[in-house]
Amino acid sequence: MNYSQIQFRDRHSEIDLYQLQELFNISAFWAKGRSIEDLGIAIANSDPVISVWDGDKLIGFARATSDGIYRATIWDVVIHPDYRGIGLGSKLVEAVLSHTRMKWVERVYLMTTHQQEFYKKIGFQPNSSTTMVLCNQSKFSSLSATEIQLQETLGG
């Protein structure tokens, strides 16, 4: 393998959704079976989006969402199994963190199932006090925008 060809890119438009889908299916149990359409929506609503390439082959990916100043969350960090163990994962996360949209953010969150030690090496710390999840927002889909605004106004 010639590692001198490896490039990090930060353009949404360069992501090949079919290669990304395959990378997730090969590399990430938590992202298997994501549809091309859903991947496109996730990428369109994320900034930064960082991809790692070996020539024209997608070998790594990560994205984040952020307000640009107070909070951000890193999502979908993945490196192809053939390229693990050479520091690309750390460089990928560092590329996300150093992006102009992220570098001034006060607090960056991420979720991981089995990679706590990896993220600790980068500087992340466990934070059990803020972990909450809402898995299904279907109850909101039946409310009109006026009802939601009214509930927010009344503190409901």
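Predicted model: local features only at pLDDT ≥ 70, side-chain atom pairs only at ≥ 80, totals over all residues.

Colleague: Fine. How many strands form the sheet, and in what order?

Modeller: There are 5 strands, in the order β1-β2-β3-β4-β5. The sheet is open, and its pairing is mixed.

Colleague: Which strands stand at the edges?

Modeller: β1 (6-9) and β5 (107-110). Each has a single partner strand, so one side of each lacks a neighbour in the sheet.

Colleague: And what does the twist average from one strand to the next?

Modeller: The average is 20 degrees.

Colleague: Do β1 and β2 run parallel or antiparallel?

Modeller: Antiparallel, with 4 bridges joining them. In that pair, I6 stands opposite D54 in β2.

Colleague: What about α3? Which strands does it touch?

Modeller: β1, β2, β3, β4 and β5. α3 packs on the sheet, and its direction makes about 155 degrees with that of β4.

Colleague: Switching to the inside. Which residues of the largest nonpolar core touch the most other members?

Modeller: I74, V77, L92 and V96, out of 19 residues in that core. The elements giving two or more residues to it are β2 (49-54), β3 (57-66), β4 (71-79) and α3 (88-98).

Colleague: What does I74 touch, leaving out residues up to four places away in sequence?

Modeller: R63, A64, V93, V96, L97, M102, V108, Y109, L110 and F124.

Colleague: How many residues are in the second core?

Modeller: 13, and that core is separate. Among its members are I15, F24, A31 and L58.

Definitions and conventions:
Residues numbered from 1 in each chain as written. Heavy atoms only, no water. Core = buried A, V, L, I, M, F, W, Y, C linked by side-chain atoms within 4.5 Å. Buried < 20%, exposed > 50% of the residue type's maximum accessible area, 1.4 Å probe, protein only. Contact = heavy atoms within 4.5 Å. Pairing = 2+ DSSP bridges. Axes fitted to C-alpha atoms, helices over the stretch in contact; angles between N-to-C directions.
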